[in-house]
Amino acid sequence: MLLASYRWFLRIDFLVTLFLTLLAWYPSSLKIITIYLLWRSQFLPVLRAHGLIGFVDGSNVCPDESVVSSENLNLNEINPLFSSWVQQDQVVLCLINATLSEGVLAHVVGLQTSRAVWLALDRRFASLSRSHIIQLKSQPQTIKK
């Protein structure tokens with residue numbers, strides 16, 4: 001158990017370092033998501049590289065909060081996997097929120113999980129970004145000499 005706690009501490013230490021690195025990548029003057037697809041294409045590899053992509057794509061599902069006790073079938077115990085999942089998800093949520101401007105944060109206020117924030121951002125900005133790309137692609141054709 002002590003070894004598992006130590007591993008978790010190393011993981012938290014690593015995630016804090018990752019968080020500070022992301023803040024350096026996205027200084028406050030650059031945190032506005034005006035080109036959502038660009039932001040997304042930079043952020044997804046970071047999550048993949050650190051084994052955190054499942055929190056936003058839905059493949060790492062939250063385990064049950066409690067489990068039936070192996071000693072007493074009438075008693076529920078706190079599921080340690082649940083606590084660990086919540087801690088990791090909250091770190092991912094902090095990483096995402098740290099890269100958002102105040103205006104964009106207004107769209108995700110009150111959302112409790114990184115997946116919920118990810119989906120809200122995707123719903124809000126993906127179609128706008130795609131239509132903006134289509135518009136930009138058509139501009140050279142409409143520019144007259």
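In the predicted model, Asp122 is partly exposed, with a relative accessible area of 27%. Arg40 likewise counts as partly exposed, at 27% relative accessibility. Asp122 and Arg40 form a salt bridge in which the closest N and O atoms are 4.0 Å apart. Asp122 belongs to helix 6 (residues 114-142) and Arg40 to helix 2 (residues 36-49), so the pair ties together parts that are 82 residues apart in sequence. The structure holds one salt bridge.

Helix 2 and helix 6 also contribute to the largest nonpolar core, which has 24 residues. The elements giving two or more residues to this core are helix 2, helix 3 (53-57), helix 4 and helix 6. Within the core, the residues with the most contacts are Trp39, Leu47, Ile96, Trp118 and Leu121. When residues up to four places away in sequence are not counted, Trp118 touches Tyr36, Trp39, Arg40, Phe43, Leu44, Leu47, Val56 and Ile96.

Helix 4 comprises 19 residues (residues 80-98). At 1.5 Å a residue, helix 4 should span 27 Å, and its end C-alpha atoms are 27 Å apart, which agrees. The N-terminal end of helix 4 is capped by Asn79, a side-chain oxygen of which lies 3.0 Å from the backbone nitrogen of Leu81. Buried positions in helix 4 are Phe82, Trp85, Gln88, Asp89, Val91, Val92, Leu93, Leu95, Ile96 and Ala98.

The capping residue Asn79 is in contact with Ser66. Ser66 lies in strand 1 (residues 66-68) and, at 34% relative accessibility, counts as partly exposed. With neighbours within four places in sequence left aside, Ser66 is in contact with Asn76, Glu77, Ile78 and Asn79. For Ser66 and Glu77, the C-alpha to C-alpha separation is 5.3 Å, while the two residues are eleven residues apart in sequence.

Two cysteines were examined for solvent accessibility. Cys62 is partly exposed, with a relative accessible area of 32%. Cys94 is partly exposed as well, with a relative accessible area of 44%. With a cut-off of 2.5 Å between cysteine sulfur atoms, the count of disulfides comes to zero.

Technical notes: Residues numbered from 1 in each chain as written. Predicted model: local features only at pLDDT ≥ 70, side-chain atom pairs only at ≥ 80, totals over all residues. Heavy atoms only, no water. Helix = DSSP H or I, 4+ residues; strand = E, 2+ residues; numbered from the N terminus. Expected span 1.5 Å × (residues − 1). Buried < 20%, exposed > 50% of the residue type's maximum accessible area, 1.4 Å probe, protein only. Polar contact = N/O pair within 3.5 Å; in protein donor to acceptor, adjacent residues only side chain to side chain. Salt bridge = Lys/Arg side-chain N within 4 Å of Asp/Glu carboxyl O. Contact = heavy atoms within 4.5 Å. Core = buried A, V, L, I, M, F, W, Y, C linked by side-chain atoms within 4.5 Å.
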